[in-house]
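Subject: Structure for you, with notes

Hello,

Here is the structure I promised to pass on. My notes follow below it.

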Amino acid sequence: MKIATWNVNSIRTRLEQVIHWLGENPVDVLCLQETKVIDQDFPVNAWKDINYYPYIYGQKAYNGVALISRQPLEDVRMGFTAVLPDLDPKWDEQKRVISGVIEGVRIVNLYVPNGSAVGSEKYEYKLGWLKVLQEYLQQLLLSNSTISMCGDFNIALEDIDINEKVKIENHIMSSEPERQALREILSLGFADAFRKFNQEGENYSWWDYRTAAFRRNLGWRIDHHYLTPILYERAQSCIIDVEPRKLEKPSDHAPVVVEF
């Protein structure tokens with residue numbers, strides 16, 4: 001099974017690129033983030049035309065996540081409250097969480113808040129959101145210990161995940177509170193699929209559009225696949241495909257693909 005995660009930074013803007021990539025890389029499930037479109041306007045037929053099933057959870061102009069699957073998914077759940085019904089609904093005002101089951105594996109697709117700047121209101125929201133994510137995953141694990149969690153985490157967990165030339169102490173996406181919040185989530189039993197196969201630096205999944213960052217490889221690794229033990233043991237590869245980032249008007253993120 002192959003699962004890809006890709007922040008496409010507007011699915012309608014990047015639709016042709018994504019469809020082409022999927023034709024060249026026919027993964028079983030494509031997890032999209034930042035689709036930036038309400039459900040009624042999501043290009044559903046484009047996926048049906050290539051025999052994929054779309055599951056969408058979006059909003060206008062911001063956020064939005066989707067699962068694009070080669071076979072129908074089971075038990076698709078949108079948002080935190082689908083799993084935590086007593087949760088304050090404010091945590092689902094931004095559409096950032098969708099999950100579904102394929103062949104017994106629960107795929108959890110996330111678009112973690114960016115946080116804007118350390119100490120800001122949005123930063124505090126991000127830390128609160130990560131706490132809710134931890135509760136959400138604890139609940140999911142009660143019924144299924146086989147989980148593949150992926151998405152744009154907006155966190156580089158280790159210094160090796162950031163190019164030295166753009167590394168700033170206490171910077172958003174690499175501050176210690178963010179990293180600690182993610183470590184606590186991973187302590188539930190998740191491991192980094194990419195680092196199982198690659199311990200080297202200078203492997204990134206996001207590059208700023210400015211300062212020729214991609215050409216200079218001034219990147220961050222913030223798009224991740226985290227697997228529970230059964231899947232981690234079964235994982236055969238995890239790669240970052242930088243080719244789409246070379247296209248004209250690309251997303252600022254590259255797809256990351258895990259196979260198990």
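A definition first: two strands count as paired if DSSP finds at least two bridges between them. The model is a predicted one.

**The sheet with S6**

Start with the pair S6 and S7. They run antiparallel, joined by 6 bridges. Ser-99 faces Val-108 in S7 across that pairing. The hairpin of S6 and S7 has 2 residues between the strands. Glu-103 in this hairpin takes a positive phi near 50°. As background, most residues other than glycine have a negative phi.

On its other pairing, S6 (residues 97-102) runs antiparallel to S5, with 3 bridges. Ser-99 turns up again here, as the bridge partner of Arg-77. Met-78 stands opposite Ile-98 in S6.

How much of S6 is buried? The count is 6 of its 6 residues. In a regular strand, side chains alternate between the two faces of the sheet. For S6, both faces are covered. Val-97, Ser-99 and Val-101 are buried on one side. Ile-98, Gly-100 and Ile-102 are buried on the other.

The whole sheet is open and has 6 strands, in the order S5-S6-S7-S8-S12-S9. Its pairing is mixed. Strand S5 (74-78) and strand S9 (191-192) stand at the edges. Each has a single partner strand, so one side of each has no neighbour in the sheet. Helix H3 packs on this sheet. H3 touches S5, S6, strand S7 (105-111) and strand S8 (147-152). The direction of H3 makes about 175° with that of S7.

**The other open sheet**

A further open sheet of 6 strands runs S3-S4-S2-S1-S14-S13, again with mixed pairing. Strand S3 (53-57) and strand S13 (237-240) are its edge strands, each pairing on one side only. From one strand to the next, the twist averages 15°.

Within this sheet, S2 (residues 29-33) and S4 (residues 65-69) are antiparallel over 5 bridges. Leu-32 sits opposite Ala-66 in S4. Helix H1 (residues 11-24) packs on the sheet. Its contacts include strand S1 (2-7), S2, S4 and strand S14 (256-259). H1 and S2 have directions about 160° apart.

**The largest pocket**

The largest pocket has a volume of about 870 Å³. Its lining holds 36 residues. Which of them lie nearest the centre? They are Tyr-111, Asn-114, Gly-115, Ser-116 and Asn-154. By type, the lining divides into 15 nonpolar, 11 polar and 10 charged residues. Helix H3 (residues 121-143) gives the most to the lining, with 3 residues.

Is Glu-34 buried or exposed? Glu-34 is buried, because its relative accessible area is 14% and the cut-off for buried is under 20%. Glu-34 lies in the loop between S2 and helix H2 (44-48). Beyond its neighbours within four places in sequence, Glu-34 contacts Asn-7, Val-8, Asn-9, Ser-10, Ile-11, Asn-63, Gly-64 and Tyr-111. Tyr-111 is also one of the residues nearest the pocket centre.

Arg-179 also counts as buried, at 8% relative accessibility. Arg-179 is in helix H4 (residues 176-186). Setting aside residues up to four places away in sequence, Arg-179 touches Ile-155, Ala-156, Leu-157, Glu-158, Asp-159, Ile-162 and Ser-174. Arg-179 and Val-37 are 142 residues apart along the chain, and their C-alpha atoms are separated by 30 Å.

Met-173 has a phi near 80°, a positive value in a residue other than glycine. Met-173 sits in the loop between S8 and H4. Met-173 is buried, with a relative accessible area of 4%.

Glu-202 has a positive phi of about 60°, although it is not a glycine. Its place is the loop between helix H5 (193-197) and strand S10 (206-207). Where Met-173 is buried, Glu-202 is exposed, with a relative accessible area of 58%.

Best wishes

How values were computed: Residues are numbered from 1 along each chain as its sequence is written. This is a predicted model: local features need pLDDT of at least 70, side-chain atom pairs count only at pLDDT 80 or more; totals for chains, interfaces and linings use all residues. Side-chain values use heavy atoms; hydrogens and water are left out. On a 1 Å grid over the protein atoms alone, a cavity is a set of points where a 1.4 Å probe fits but cannot get out, and a pocket is an open set with protein on both sides within 12 Å along at least five of seven lines; lining residues have an atom within 4 Å of a point. Grid points are joined across faces, edges and corners, and a volume is the space filled by probe spheres set on the points. Helices (H or I, at least four residues) and strands (E, at least two) are DSSP runs, numbered from the N terminus. Ala, Val, Leu, Ile, Met, Phe, Trp, Tyr, Cys and Pro count as nonpolar, Asp, Glu, Lys and Arg as charged, and the others, Gly among them, as polar. Axes are lines fitted to C-alpha atoms, for helices over the stretch in contact, and angles run from 0 to 180 degrees between N-to-C directions. Contact means heavy atoms within 4.5 Å. Buried means under 20% relative accessible area, exposed over 50%, partly exposed in between (1.4 Å probe, protein chains only).
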